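Please look over the structure shown below. The briefing that follows takes its fold, sheet, helix and ring pairs in turn.

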Amino acid sequence: MQLSYTYWEAKEGGYVGYLNQYPDYWTQGDHLEELEKMLASLYGDIVRFNEL
């Protein structure tokens, strides 16, 4: 499965984004790289939760 995401620069600084497949779950990062890591972590959490 290929994941895609949407993101934007926050007024306060940093970036906010979500996985397009899961638009109800947002995350943030100070830099785009950090946001991508947070999105990957979020996806892992979603997958683990769905396995329960």
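Does Tyr22 count as buried, partly exposed or exposed, and at what relative accessibility? Tyr22 counts as partly exposed, at 22% relative accessibility; buried here means under 20% relative accessible area, exposed means over 50%, and partly exposed lies in between, with a 1.4 Å probe and protein chains only. The model is predicted, so local features need pLDDT of at least 70 and side-chain atom pairs count only at pLDDT 80 or more, while totals for chains, interfaces and linings use all residues. Residues are numbered from 1 along each chain as its sequence is written, and side-chain values use heavy atoms, with hydrogens and water left out.

**Overall fold**

- The chain has 1 helix and 3 strands, where helices (H or I, at least four residues) and strands (E, at least two) are DSSP runs numbered from the N terminus.
- Along the sequence these elements follow the pattern β-β-β-α.
- The C-alpha trace spans about 35 × 20 × 15 Å along its principal axes.
- Of the 52 residues in the chain, 25% are buried.
- The accessible surface is about 4200 Å², and carbon and sulfur atoms account for 50% of that surface; areas come from the Shrake-Rupley method with a 1.4 Å probe, and for residues only the protein chains shown count as cover.
- Among contacts between residues at least 6 apart in sequence, 12% join residues at least 24 apart; a contact means heavy atoms within 4.5 Å.

- The 3 strands form an open sheet in the order 1-2-3, with antiparallel pairing; two strands pair if DSSP finds at least two bridges between them.
- Strand 1 and strand 3 are the edge strands, each with a single partner strand, so one side of each has no neighbour in the sheet.
- From one strand to the next, the twist averages 20°.
- Helix 1 packs on this sheet and touches strand 1, strand 2 and strand 3, and its direction makes about 140° with that of strand 3; axes are lines fitted to C-alpha atoms, for helices over the stretch in contact, and angles run from 0 to 180 degrees between N-to-C directions.
- Strand 1 and strand 2 are joined by 5 bridges in the antiparallel sense, and Tyr5 has Leu19 of strand 2 as a bridge partner.
- The hairpin of strand 1 and strand 2 has 5 residues between the strands, and Gly13 there takes a positive phi near 110°.
- Strand 2 and strand 3 also run antiparallel, with 5 bridges, and Leu19 has Tyr22 of strand 3 as a bridge partner.
- The hairpin from strand 2 to strand 3 passes through 2 residues.

**Helix 1 and what it covers**

- The 20 residues of helix 1 should span 28 Å at 1.5 Å a residue, and the end C-alpha atoms are 29 Å apart, which agrees; the expected span is 1.5 Å times one less than the number of residues.
- Leu35, Leu39, Leu42, Gly44 and Ile46 of helix 1 are buried.
- Strand 1, strand 2 and strand 3 are among what covers the buried residues of helix 1.
- Thr27 is in strand 3 and counts as buried, at 14% relative accessibility.
- Leaving aside residues up to four places away in sequence, Thr27 touches Tyr15, Val16, Gly17, Leu35, Met38 and Leu39.

**Aromatic pairs**

- There are 6 aromatic pairs in the structure; rings of Phe, Tyr and Trp (its six-membered ring) pair if their centres lie within 6.5 Å, and planes under 30 degrees apart count as stacked, over 60 as edge-to-face and the rest as tilted.
- One of the pairs is Trp8 with Tyr18, which is edge-to-face at 6.1 Å centre to centre and 65° between the planes.
- Trp8 lies in strand 1 (residues 5–9) and Tyr18 in strand 2 (residues 15–19), so this pair ties together parts 10 residues apart in sequence.
- Trp8 is partly exposed, with a relative accessible area of 31%, whereas Tyr18 counts as buried at 18% relative accessibility.
- Tyr22 and Tyr43 have ring centres 6.4 Å apart and planes at 50°, so their pair is tilted.
- Tyr22 is in strand 3 (residues 22–29) and Tyr43 in helix 1 (residues 32–51), so the pair ties together parts 21 residues apart in sequence.
- Tyr43 counts as partly exposed, at 25% relative accessibility.
- Tyr5, Tyr7 and Tyr15 are linked into a cluster by ring pairs.
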